[in-house]
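Have a look at the picture first.

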Amino acid sequence: QVQLVESGGGLVQAGGSLRLSCAASGSTFSIYAMGWFRQAPGKEREFVATISGSGGSKIYATSVKGRFTISRDNAKNTVYLQMNSLKPEDTAIYYCARATRQNYSGTYSRLGDYNYWGQGTQVTVSS
């Protein structure tokens, strides 16, 4: 059983920055893509960013491109989401997830491509 534990959320003013972390259990972390998703109140969960197992491929949602950066440290079984220039519309619960398919170089942007999820961490951006 894989466990994902997010941390780093909080309250920040518009224009500020936060860095989210997601620590994963298990010994095969590097062969799975990881993703970040978010869910705002009253809205569906949406894709934010994904990174391949190798770290060489990354995809971002249009709404966060140029402001957010996804990265991973396979030696620490951890994936990160650096969020800069935050906006009130970034307010949501942020979830990390591990892809279902073993693929060292693949990236995935659909919810259905992931089968393990963390409990989420709240990010609130005030105007």
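Going by the salt-bridge rule (a side-chain nitrogen of Lys or Arg within 4 Å of a carboxyl oxygen of Asp or Glu), the count here is 4. Keep in mind that this is a predicted model, where local features need pLDDT of at least 70, side-chain atom pairs count only at pLDDT 80 or more, and totals for chains, interfaces and linings use all residues. Residues are numbered from 1 along each chain as its sequence is written, and side-chain values use heavy atoms, leaving out hydrogens and water.

**Salt bridges around Asp-90**
- Asp-90 pairs up with Arg-67, and their closest N and O atoms are 2.7 Å apart.
- That pair links distant parts of the chain, 23 residues apart: Asp-90 sits in the loop between E8 and E9, and Arg-67 in the loop between strand E6 (58–60) and strand E7 (68–73).
- Asp-90 also forms a salt bridge with Arg-38, with 2.9 Å between the closest N and O atoms.
- Arg-38 belongs to strand E4 (residues 32–39), so this bridge ties together parts that are 52 residues apart in sequence.
- Asp-90 is buried at 0% relative accessible area (buried means under 20%, exposed over 50%, partly exposed in between, using a 1.4 Å probe and protein chains only).
- Arg-38 is buried too, at 6%, and so is Arg-67, at 11%.
- Arg-38, Glu-46, Arg-67 and Asp-90 are linked in a network of salt bridges.

**Another salt bridge**
- Arg-110 bridges to Asp-113, the closest N and O atoms being 3.1 Å apart.
- Arg-110 is exposed at 57% relative accessible area, while Asp-113 is buried at 14%.

**Leu-20**
- You'll find Leu-20 in strand E3 (residues 18–24), and it counts as buried because its relative accessibility is 0%.
- Leaving aside residues up to four places away in sequence, Leu-20 touches several others, including Trp-36, Leu-81 and Val-123 (contact means heavy atoms within 4.5 Å).

**The whole chain**
- The protein chain has 11 strands and 0 helices (these are DSSP runs numbered from the N terminus: strands, E, at least two residues; helices, H or I, at least four).
- Its radius of gyration is 13 Å, close to the 14 Å from the globule rule for 127 residues, so the chain is as compact as a globular protein of that length (the radius is taken over C-alpha atoms, and the rule is 2.2 Å times the number of residues to the power 0.38).
- Of the 127 residues, 44% count as buried.
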